[in-house]
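Work through the exercises below with the sequence and the model side by side. Try each task before reading its solution.

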Amino acid sequence: IKKLRKPRQSRRTRKDEYDHDEVDNPVIDESVLSAKELLGLQQAEERLKRDYIYRLKKQPRSYPSAKYTCKLCDVLIESVAFAHKHIKDKRHKKILKEKQEEQLLTALPPPTPSQIQAICVAIENVVQEFGLNNEDLEERLNIKTVMENLLRQKLPGICNLF
Ligand SMILES: [Zn+2]
């Protein structure tokens, strides 16, 4: 005996508005394409993936002619041609650039020993040039003592602060 499935709830509450209402048809019927056309389509889609554009798994009911989605911009796209147009879009390009920079930074390899050494040399040079030597330190301590004595004289109650 086949179990009857409960009717779907009319409105599922899901965050992604493109997902909550969809039809089970594939968005592109590959069976009607020639081998050559299919290859061309696959190559075009591979290229679009670099721009975070993917073929939809299911047809959105709200936008039945949509075939692709740009994950960066969260938009639906009707065809490869429109997708090519979309990847030239200024806003898309900007988001893509940010995404790529973010990935580059998270995938950054640890520094090599020669890089670490170079950084140490650079820091030592800065310390040599701008750091305090013992004379500077002594001079500053002297200034502090002079100031302290002066304040103690002028403002007797202040000594608790030192
Ligand atoms: Zn986009």
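**Exercise 1. Find which residue of strand 5 stands opposite Tyr-68.**

Solution. Start with the strands. Strand 4 covers residues 68–70 and pairs with strand 5 in the antiparallel sense, over three bridges. Strands here are DSSP runs of E, at least two residues long; helices are runs of H or I, at least four long; both are numbered from the N terminus. Two strands pair if DSSP finds at least two bridges between them. Now read across: Tyr-68 stands opposite Ile-77 in strand 5.

This is a predicted model, in which local features need pLDDT of at least 70 and side-chain atom pairs count only at pLDDT 80 or more, while totals for chains, interfaces and linings use all residues. Residues are numbered from 1 along each chain as its sequence is written.

**Exercise 2. List the residues of the largest nonpolar core.**

Solution. Take the criterion for burial: 20 or more other C-beta atoms within 10 Å of the residue's own; 12 or fewer means exposed, and in between is partly exposed, with C-beta atoms placed from the backbone. A nonpolar core joins buried Ala, Val, Leu, Ile, Met, Phe, Trp, Tyr and Cys residues through C-beta atoms within 7 Å. The largest has six residues: Leu-48, Ile-53, Tyr-68, Cys-70, Ile-77 and Ala-83. Next, look around Cys-70. Leaving out residues up to four places away in sequence, Cys-70 touches Tyr-52, Ile-53, Val-75, Ile-77, His-86 and His-92. A contact means C-beta atoms, placed from the backbone, within 7 Å. Across the chain of 162 residues, 7% are buried.

**Exercise 3. Compare the loop residues Tyr-52 and Asp-74: where does each lie?**

Solution. Tyr-52 lies in the loop between helix 1 (35–49) and strand 2. Its phi is near 65°, a positive value in a residue other than glycine. Tyr-52 has 16 other C-beta atoms within 10 Å, so it is partly exposed. Asp-74 lies in the loop between strand 4 and strand 5. Phi of Asp-74 is near 55°, also positive in a residue other than glycine. Asp-74 has 11 C-beta neighbours inside 10 Å, so it counts as exposed.

**Exercise 4. Find which residues Leu-56 touches.**

Solution. Locate Leu-56 in the loop between strand 2 and strand 3 (59–60). Leaving out residues up to four places away in sequence, Leu-56 touches Val-27, Ala-66, Lys-67, Tyr-68 and Thr-69. Leu-56 and Thr-69 are 13 residues apart in sequence, yet 6.4 Å apart from C-alpha to C-alpha.

**Exercise 5. Check the confidence: where does pLDDT stay under 50?**

Solution. pLDDT is the predictor's confidence in each residue, from 0 to 100. The chain averages 86, and 82% of the residues score at least 70. Over residues 12–17, pLDDT stays under 50; the model has three contacts beyond four places in sequence for them.

Notes. Two residues are in contact if their C-beta atoms, placed from the backbone, lie within 7 Å.
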